[in-house]
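Hi there,

Here is the structure I promised to pass on. Have a look at it first, and my notes are just below.

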Amino acid sequence: MTDVVSHVPPSAGQELVQLLTPEGLRVHRDDYDVDLSDEELRGLYRDLALARRLDVEAVALQRQGELGLWPSLLGQEAAQVGSGRAMAADDYAFPTYREHGVALTRDVDPLKLLAFYRGVTNGGWDPNEKNFAIYTIVIGNQCLHAVGYAMGVNFDHARSGEADESQAVIAYFGDGASSQGDVNEAFIWASVFNAPVVFFCQNNQWAISEPLEKQTKIPLYQRAQGFGFPGLRVDGNDVLAVLAVTKAALRRARQGAGPMLIEAYTYRMGAHTTSDDPTRYRLASELEHWKLKDPIERVRSYLFRNEKADQAFFDAIEAEAEQMAVRLRAECRALPDPDPTSIFDHVYAEQHALVDEERASMAAYLDSFVGASH
Amino acid sequence: MADKVTLAKALNMALRKVLEDDPKTLLMGEDIGKLGGVFRVTDGLQKDFGEHRVVDTPLAESGIIGTAVGLAIRGFRPIAEIQFDGFVYPAFDQIVSQLAKMRARSGGRVPMPVVVRIPFGGGIGAVEHHSESPEAYFAHTAGLRVVSPSNPVDAYWMLQQAVQSNDPVIFFEPKRRYWDKAELDVTATPGPLFESRVVRPGQHCTLAAYGPMVKTCLEAATAAAEDGTEIEVIDLRTISPLDVDTLCASVERTGRLVVVHEASVFLGVGAEVAARVTERCFYSLESPVIRVGGYHTPYPPSRVEEEYLPDLDRVLDGVDRALAY
């Protein structure tokens with residue numbers, strides 16, 4: 001067996017934008033900050049709590065055979081909620097397959113996420129209704145889609161002659177994806193075309209079993225400079241800091257200043273997916289270290305200590321989360337398998353003789369069993 | 001009298017037409033702007049339509065297709081150029097994983113009206129990676145449509161029809177025929193895109209081909225006629241979907257079928273044609289379906305490509321083998 005070594009990320013000592021310490025102390029900065037009402041702060045806590053509860057329920061559903069797979073977002077709630085809430089309604093997100101927290105902020109019914117991982121659909125929601133593309137499994141592919149969409153924003157402006165601020169686009173990816181050609185091509189294209197896109201990298205330290213050192217020799221955010229746009233690192237477990245920097249980056253993109261890279265420095269507290277066993281490649285002490293930086297506890301502590309929320313609020317959120325989980329469990333288990341012949345329905349927009357022939361052939365074959373006792 | 005135009009010019013005229021007709025169309029590719037493309041297919045278009053509609057891209061094929069997918073999500077109808085057949089492979093992932101599947105994955109909510117133009121095939125004495133015939137890879141992928149014109153008139157109409165399709169179309173341009181000329185009547189009404197066509201009638205044997213090999217087959221048929229063999233030639237035009245009806249109607253008349261393409265024979269388009277025709281009109285066949293094509297080798301150095309590529313004699317050799325049964 002290979003040695004499991006404690007890993008020191010190539011990050012130590014790098015500047016990190018942080019507005020809320022792990023202990024829940026508020027820090028103010030001149031460059032990036034937020035000024036939120038108590039209600040907005042409580043809203044962020046609610047988002048974080050719901051995202052975590054969804055995740056817990058989904059992992060349980062997978063363990064009970066109701067889902068085929070689930071990639072847990074445990075530990076990444078702040079990165080996802082903060083960036084998701086930074087988006088304006090018109091902005092467009094291109095997620096990976098783990099962006100459950102972002103999906104909640106885009107008002108995608110989490111049942112649709114469960115349906116995807118249950119295996120009843122390969123999509124599930126209308127991307128153009130939520131401005132939230134369908135999940136992308138192939139690592140990094142979506143970054144080019146995001147850039148293309150953002151180029152389209154510019155092309156539409158060029159045609160209409162409007163110079164108004166409009167849409168920005170956000171491309172999600174991870175530390176592993178940063179090695180992919182598509183991600184690097186996306187950086188180049190966004191830079192050359194000055195596309196209004198924010199590259200949001202959740203550096204959760206692990207690409208399945210491979211630590212950050214297998215992907216990079218320099219902090220990921222520093223790569224942006226070589227592509228010709230700014231990059232920064234934010235405490236990915238600090239929802240306020242993520243919100244502040246992502247809002248700034250999206251605003252900048254909308255104003256025509258081009259792309260920006262945000263490295264949200266965080267930690268995948270769970271396995272890569274429910275099929276993974278992290279005990280084979282990382283030490284439990286690393287997880288203990290990151291538990292002290294939990295993205296939800298610090299918000300709770302901040303709200304409580306500053307009397308922005310009382311125990312009744314936290315109890316109510318917990319009850320709401322529980323209610324959501326109960327609903328999701330019931331509705332997930334009730335999701336019907338698709339009609340087998342429906343696999344032919346959307347392969348092509350227009351008539352295709354082979355698809356018609358095969359649909360009829362499958363239907364006839366299945367019909368041959370109707371009434372048979374075999 | 002209609003003007004005579006080259007196949008490259010016919011494509012240029014078609015692109016100009018779609019850019020004029022639909023503001024959501026745009027061209028993207030390497031060197032397609034000021035240069036007009038390495039084969040001049042996009043000549044003069046950037047000057048007339050601007051850099052936002054005729055987009056010179058970075059040298060990154062995955063980027064070309066990946067951003068085309070994003071543009072299509074936004075409602076554009078991108079027409080992407082891959083400079084040469086052998087350079088499409090970096091884009092293969094985006095084509096197969098995203099372009100082909102996006103519509104199905106989204107439950108029909110996100111159509112992908114993207115055309116990918118690829119000059120393909122050999123016979124021009126090119127350096128390696130510039131003479132390949134990768135059409136079977138794409139035809140094997142559900143969600144894509146694959147077509148190839150053989151002549152300037154089809155090139156003009158088929159490209160416009162491909163752009164109008166709401167499905168992704170891989171459009172293979174027969175590069176060695178770019179300079180072939182034909183009279184083009186732009187006021188004519190084209191037939192459906194996804195239908196094959198009998199381009200020469202005959203009764204003894206059917207030759208089926210697409211793209212650059214159609215001309216070779218027509219020449220073979222002319223030569224065979226001098227010996228009294230009447231060959232029917234079918235220009236497949238569409239590879240996916242395959243027009244099996246037209247093939248079988250012909251085979252029911254001739255009893256014999258030879259399929260010709262530049263791509264290697266093993267698991268090529270000819271294999272699928274042979275299987276389909278055998279299933280559909282087995283009792284009409286007087287001989288096995290014969291395939292004539294490239295060999296199971298990398299595309300060879302250009303000084304031996306004449307021996308690799310089917311030519312008139314190899315096509316007639318295939319016909320002889322069919323007639324020998």
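What follows is a short tour of a sheet in chain B and a surface patch in chain A.

Before you start, please keep in mind that this is a predicted model.

Let me begin with chain B. Five strands make up an open sheet there, in the order E9-E11-E10-E13-E14, and their pairing is mixed. At the edges sit strand E9 (197-200) and strand E14 (290-294) of chain B, each of which pairs on one side only. From one strand to the next, the twist averages 30 degrees.

Within this sheet, strand E10 (residues 205-209) and strand E13 (residues 257-264) of chain B run parallel and are joined by 3 bridges.

Helix H8 (residues 213-226) of chain B lies across E9, E10, E13 and strand E11 (231-235) of chain B, and runs at about 170 degrees to E11(B). Helix H12 (residues 312-323) of chain B also packs on the sheet, where it touches E10, E11, E13 and E14 of chain B. The direction of H12 makes about 160 degrees with that of E14(B).

Now over to chain A. Which residues form a nonpolar patch on the surface? They are A:Tyr365, A:Leu366 and A:Phe369, with about 310 Å² of accessible area together. A:Leu366 belongs to helix H13 (residues 353-367) of chain A. This leucine, A:Leu366, is partly exposed, with a relative accessible area of 35%.

Terms used:
Residues are numbered from 1 along each chain as its sequence is written. Chains are lettered from A and ligands numbered from 1 in the order in which they are written. This is a predicted model: local features need pLDDT of at least 70, side-chain atom pairs count only at pLDDT 80 or more; totals for chains, interfaces and linings use all residues. Side-chain values use heavy atoms; hydrogens and water are left out. Patches are made of residues with over 30% relative accessible area and no salt bridge: like charges are joined within 9 Å, nonpolar side chains (Val, Leu, Ile, Met, Phe, Trp, Tyr) within 5 Å. Accessible areas come from the Shrake-Rupley method with a 1.4 Å probe; for residues, only the protein chains shown count as cover. A salt bridge is a side-chain nitrogen of Lys or Arg within 4 Å of a carboxyl oxygen of Asp or Glu. Helices (H or I, at least four residues) and strands (E, at least two) are DSSP runs, numbered from the N terminus. Buried means under 20% relative accessible area, exposed over 50%, partly exposed in between (1.4 Å probe, protein chains only). Two strands pair if DSSP finds at least two bridges between them. Axes are lines fitted to C-alpha atoms, for helices over the stretch in contact, and angles run from 0 to 180 degrees between N-to-C directions. Contact means heavy atoms within 4.5 Å.
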